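Thanks for making the time this morning.

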Amino acid sequence: MNPVYWEEAYCLRSYEVDFQDRLRLSALFHFMQETASNQIERQGVGIDVLRIDNQAWVLSRLLIGMERYPGGGEEIRIKTWPRGIDRLFALREFLITSREGEVLGRVTSKWLLVDLTTRRPKRLEEVFKRMPIDPGNRALDRRLEKLPSLESPEEVLIVRAAYQQIDLNRHVNNAHYLDWILNSFPLEWHQRYQLAGLQINFLAETRFGEGLTIYRERSGEGEGLYQGIEGRKMEGQTLAFQARLDWTRFHS
């Protein structure tokens, strides 16, 4: 394969699908993170190398469009490639396909290289000297912009970061925010609707023991239903993340 691209296959296990036998988005986030990590490891800018300089990659923004959710036992393939630099952001694309080549989902994302002591982003030019890129190939042709604040937020869930959510960077891993977001909806909602698209912007890290209040706002109607979501820290009301969810009616 072209060194710009990296692809891995995953066979979905029973605990990686939901009660309707559809891939959990949090599991997909873990797969994408694993695939990207394996590529940059082979390019010499992986976790172990960066930790020598007290640095780490952190997901900042992600936009995903899903065309079909695979079920348990299906094999999916995740292809990823770096697309370049936008100021302090590293741009990375993902394409999710079936074993037969059917496109299941498309993802565009922005990452930061962070100093683990100061928690501040680092410049990327030196790192990208070791990373071949394909600047013209977008998996999803939409821009990752700032999301608007909620106008009429409704409190829907309170969560607290615990052992299970904390990763090597000593903060909540990005995949667990997806679980919190989707847990804020009743089971009946997931029986009627499936998530067609999601943008999530991470604005402040959540550390062990910190609590978040999750708010939701409903907009649109029918097949065009979308909702704004945000999580605020219980101590100080700092905005930890914002998200936009696009839903379609679930057709069995």
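Gln39 is found in helix α1, where helices (H or I, at least four residues) and strands (E, at least two) are DSSP runs numbered from the N terminus. This is a predicted model, in which local features need pLDDT of at least 70 and side-chain atom pairs count only at pLDDT 80 or more, while totals for chains, interfaces and linings use all residues. Residues are numbered from 1 along each chain as its sequence is written, and side-chain values use heavy atoms, with hydrogens and water left out.

Is Gln39 buried or exposed? Gln39 is buried, with a relative accessible area of 2%, where buried means under 20%, exposed over 50% and partly exposed in between, using a 1.4 Å probe and protein chains only. The side chain of Gln39 reaches the backbone oxygen of Val4 at 2.8 Å. If we set aside its neighbours within four places in sequence, Gln39 is in contact (heavy atoms within 4.5 Å) with residues including Val4, Trp6, Pro82 and Arg92.

Strand β3 (residues 75-86) and strand β4 (residues 89-98) pair in the antiparallel sense over 10 bridges, pairing being counted if DSSP finds at least two bridges between two strands. In their hairpin, which has 2 residues between the strands, Arg87 takes a positive phi near 60 degrees. Strand β1 (residues 6-11) also pairs with β3 in the antiparallel sense, over 6 bridges, and Tyr10 stands opposite Ile76 in β3.

Conventions:
Polar contact = N/O pair within 3.5 Å; in protein donor to acceptor, adjacent residues only side chain to side chain.
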